[in-house]
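Please read the following note beside the sequence and the structure.

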Amino acid sequence: MGVLADLVGRGLAGAEPGRDQALAVLRSGDDDLLDVLAAAGRLRRHHFGRRVKLNFLVNLKSGLCPEDCSYCSQRLGSQAGILRYSWLRPQEAAASAGAGIAGGARRVCLVASGRGPTDRDVDRVADTIGAIKQAHPEVEVCACLGLLSDGQADRLRSAGADAYNHNLNTSGENYADICSTHTYDDRVRTVDEARGAGLSPCSGIIAGMGESDEDLVDVAFALRALRPDSIPVNFLMPFEGTPLAGEWNLDPRRCLRILAMVRFVNPAAEVRLAGGREIHLGSMQALALSVANSIFLGDYLTSEGQQGHQDLKMIEEAGYTVEGLADAEAAADTARSVTLRHRGVGTELPPNA
């Protein structure tokens, strides 16, 4: 409890925590888990109250990637049975974004597979940003297109993009074990370029790739040094047909400790509950909202997520409010009824057990 009190005090004061304290959070016991979450939750509430920000992904180009990131279903050589298609037209992408916005999303993330965009690709994305902003001027647009070349971040900013995402994913020491076609430093440089162009930097992690506690702490502190405004915390989805298909290293309690550690190290950042939350957190997703103040709504890039109305209901029932959504209760489809039993004893159907 002394460590937790010190972490909260440092977080409220803007002071950096100790690495040993961050490691202690990851290694805390199950009996201490609720105390860990309560302490991290104080920092979450200090900066974000009980608001939850919804984000919606649009995969502009799926598969067809020349990079070999081991975790990715779109990687070079992936045998995952994902959708594969080239660039969506701007109006197609804007229509998809509109569906997420109608569900309560206040940020649209435009993602394209590949090492990085060509100048023609940037023009395509600029047209898509324009189409979204014309229909929904109040919505934030975040681009996630890979490694940026000189001037591309400025062009995206001029087109109306508000933010740019490029995840560090893991520690610098561990990075070569998950990707060989670009470097950790390449990723850091792209986040810096986005910030330099006036885009809100977004960069996060993927947990569950076989990394050590030290790797997780290293990447959390590396993110603190980069000062991203938002940090997506992804939990590995081990796609069949990728090198990490057998890596099932997470349980809900481990995921909650990782979220708390990221919050303690980056107390003022928007911590986003991202890919893999349904798989690895399961029934404890709502508890994760005590630490994370942002989630992705609906589906991900190549996998399906929880249905949007279920996300809204989860947020409401946990006592949180959706940022920018005036009537979350109506949007959450709160019609209620009791389902009558028509199986088990007294019937020829098997029981629900």
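1. The model under review is a predicted one.

2. Helix H6 spans residues 152-159, and its buried residues are Gln152, Ala153 and Leu156. Viewed down the helix axis, these buried residues lie within an arc of 100°, so they line one face of H6. In general, an α-helix has 3.6 residues a turn, so residues three or four places apart point the same way. After H6 comes Gly160, which has a positive phi, near 115°.

3. Beyond its neighbours within four places in sequence, Leu156 is in contact with Val122, Val125, Ile129, Ala143, Leu145, Leu148, Ala161 and Tyr164.

4. The largest nonpolar core comprises 96 residues, and Leu156 is one of those with the most contacts inside it, as are Leu54, Leu110, Val233, Phe235, Met261 and Phe264. Helix H10 (residues 252-265) supplies the largest share of this core, nine residues.

5. Across the whole structure, two aromatic pairs are found. One of them joins Phe296 and Tyr300 edge-to-face, with 6.5 Å centre to centre and 80° between the planes. Both Phe296 and Tyr300 are buried.

6. Two arginines lie over rings. Arg272 is over the face of Phe296, 5.4 Å from the ring centre. The charged end of Arg50 sits over the ring of Tyr320, at 4.2 Å from its centre.

Conventions:
Residues numbered from 1 in each chain as written. Predicted model: local features only at pLDDT ≥ 70, side-chain atom pairs only at ≥ 80, totals over all residues. Heavy atoms only, no water. Buried < 20%, exposed > 50% of the residue type's maximum accessible area, 1.4 Å probe, protein only. Helix = DSSP H or I, 4+ residues; strand = E, 2+ residues; numbered from the N terminus. Arc of directions from axis to C-beta. Core = buried A, V, L, I, M, F, W, Y, C linked by side-chain atoms within 4.5 Å. Contact = heavy atoms within 4.5 Å. Phe/Tyr/Trp six-rings, centres within 6.5 Å; stacked < 30°, edge-to-face > 60°. Lys NZ or Arg CZ within 6 Å of the ring centre and 35° of its normal.
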